[in-house]
Amino acid sequence: MAKVVIRESYGSEHESERLYVQTDGQPNSLTSVFLPAGYPDSVSGDYIEYQLWDSIQAFASSIMNNLGTHAVLKGVGVGDSTATVLAATITWLLRDGTSMSGRILFAYIQSSKLDADCKKWRLFADLINDLSIFIDLLSPYFSHYFLYTQCLSGVLKSLVGTAGGATRAALTQHQSRRNNLADVSAKDGSQETLVNLTALICSLIIVPIVSTNTNLVWILFVCFTLLHIYANYKAVKSVSLETFNLSRFAIFVDNYLKTGGDVLPVKTCNTRENVWFFIKDEFDVCSDRIAIGISLQSHRLSNAKQLNQLIDLYATDDDDCQYILTFETKNKINISLKKNFIPSALLESVFQAIVLYFAQNSSQTKDPKLKQIINELNGESKDTKRLLELSRKYAIDSMSRLTAKASAEGWDTSKVLITPSEWRFELS
């Protein structure tokens, strides 16, 4: 029941009267169980689209996992009088052991890169999950190698657990907008539990039917795999991250340079971002060309004089040299960072690197200063020092305007998801 709290009117005109009321109604119970408190204001704008596609992929994945479990139990000898409990136990222990080892090794090699490319790694994790289930389904056909196939499947599932869990945390952090990370994470768990429960009920119907029909198992596996991949792709493509990683910044800067200063909105830039590991677009190629946080030895400087010239070039009136950038045509663009560098210097150094890459690979621009860099690079005598000076000046002149325009479009430039290597230099 509604209760009037206060009345308001303009002058003596009763027609303009406004009523401010308070209702005794409570939020829909179903909404409060499965959606974060304060939804939709407490989460990002892409939350509901991502969660819908994520629920579809979770349903497909759960059905596939149940089919895989049925195949593994069949392969390990459940129902076979000749199978021994000891053999089954040893198989399970070795599978778990290789899985644990794989998890530790993968986290050691790739954990620092999971934040920067969380969409790619999220999709990667789900594709590897499909591969592990495929191996489970194949394992009964190779009974003599059952232990090896299960160990391989265990290693793949460990990659899924590490990459999937870490990227899920990164996406949850993006979705939570009221310091409600725990609430968003908990409600995501509730949604997934409901989906898995639904898939379990469906599996209770499906598994007895397909247990004696091998062809039907493979038909269902192919159908659910295609659904799983498609739903995962749509889920990660629906995410609009407001922070720059190397790929999104390359897309953003490329558009800025081609249009003479126009900036892309967050959603448009995210839509253009490639989310496949095994397919590289031009912006992935650009990202691969830029080596950040490397040793000074990688610059291949012939003497100390060249190093001093670079230090002078990259120093400013307000601060010491924050980074050193060099390049060779068609090779990597190398960036070394000062110890305790200013965060904005990282974005500026990458901007300069993309400018040089753009000048090497494109002539489409409306900016006369950028055209000068392109002409200098494409001239008969390429003066590397001159190119570094021009690109450095262009970066200094452009960054404040670029970041201001980016912020106006909803980008968060206070932090970047660009992870450099750990080499740092100090000036004496």
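Q: What does His299 touch, leaving out residues up to four places away in sequence?
A: Seen that way, His299 touches Ile294, Ile324, Leu325, Thr326, Asn334, Ile335 and Ser336. Keep in mind that this is a predicted model.

Q: Which side chain does the side chain of His299 join in a polar contact?
A: That of Thr326. The polar contact is 2.5 Å.

Q: Where is His299 found?
A: In the loop between strand S4, residues 290–292, and helix H11, residues 304–314.

Q: And is His299 buried or exposed?
A: Buried. Its relative accessibility is 6%, and the cut-off for buried is under 20%.

Q: Ser302 next. Where is its place?
A: Ser302 also sits in the loop between S4 and H11.

Q: Buried or exposed, for Ser302?
A: Exposed. Ser302 has a relative accessible area of 59%, and over 50% counts as exposed.

Q: What does the side chain of Ser302 make a polar contact with?
A: With the side chain of Asn303, at 3.3 Å.

Q: Switching to helix packing. At roughly what angle do the axes of H8 and H12 cross?
A: Roughly 60°. H8 is residues 246–259 and H12 is residues 343–361, and their axes come within 10 Å. That angle makes H8 oblique to H12.

Q: Is that crossing of H8 and H12 right-handed or left-handed?
A: Right-handed.

Q: Which residues make the contact?
A: From H8, they are Leu246, Phe249, Ala250, Val253, Asp254, Tyr256, Leu257 and Lys258. H12 brings Leu347, Val350, Phe351, Ile354, Val355 and Phe358.

Q: How do the residues of the H8 contact with H12 divide?
A: There are 12 nonpolar and two charged residues, with no polar ones.

Q: What about H10 against H12, at what angle do those axes cross?
A: Roughly 125°. H10 covers residues 282–289, and its axis and that of H12 come within 10 Å. So H10 is oblique to H12.

Q: Right-handed or left-handed, for H10 passing H12?
A: H10 passes H12 in a right-handed crossing.

Q: Which residues are in the contact of H10 with H12?
A: Glu282, Val285, Cys286 and Arg289 come from H10. On H12, the residues are Ile354, Tyr357, Gln360 and Asn361. Ile354 is also in the H12 side of the H8 contact.

Q: And by class, what does the H10 contact with H12 have?
A: Four nonpolar, two polar and two charged residues.

Q: New topic, Trp121. Where is it?
A: Trp121 is in helix H4, residues 118–138. Trp121 counts as buried, at 7% relative accessibility.

Q: How many residues along the chain lie between Trp121 and Ala163?
A: They are 42 residues apart along the chain. Their C-alpha atoms are separated by 6.2 Å.

Q: And Ala107, how far apart are Ala107 and Ala163 in space, and what is the gap in sequence?
A: C-alpha to C-alpha, 8.2 Å. In sequence, Ala107 and Ala163 are 56 residues apart.

Q: Which helix does Ala107 lie in?
A: Helix H3, residues 85–110. Ala107 counts as partly exposed, at 28% relative accessibility.

Q: Zooming out, how many helices and strands does the protein come to?
A: 14 helices and eight strands.

Q: What share of the residues counts as buried?
A: 43% of the 428 residues.

Q: Last one. Of contacts with a separation of 6 or more, what share is between residues 24 or more positions apart?
A: 72%.

Note on methods: Residues are numbered from 1 along each chain as its sequence is written. This is a predicted model: local features need pLDDT of at least 70, side-chain atom pairs count only at pLDDT 80 or more; totals for chains, interfaces and linings use all residues. Side-chain values use heavy atoms; hydrogens and water are left out. Axes are lines fitted to C-alpha atoms, for helices over the stretch in contact, and angles run from 0 to 180 degrees between N-to-C directions. Helices (H or I, at least four residues) and strands (E, at least two) are DSSP runs, numbered from the N terminus. Angles under 35 degrees count as roughly parallel, over 145 as roughly antiparallel, 65 to 115 as roughly perpendicular and the rest as oblique. A crossing is left-handed if the near helix is turned anticlockwise from the far one by less than a right angle, and right-handed if clockwise. Contact means heavy atoms within 4.5 Å. Ala, Val, Leu, Ile, Met, Phe, Trp, Tyr, Cys and Pro count as nonpolar, Asp, Glu, Lys and Arg as charged, and the others, Gly among them, as polar. Buried means under 20% relative accessible area, exposed over 50%, partly exposed in between (1.4 Å probe, protein chains only). A polar contact is a pair of N or O atoms within 3.5 Å; within protein, one must be able to donate a hydrogen and the other to accept it, and residues adjacent in sequence count only if both atoms are side-chain atoms.
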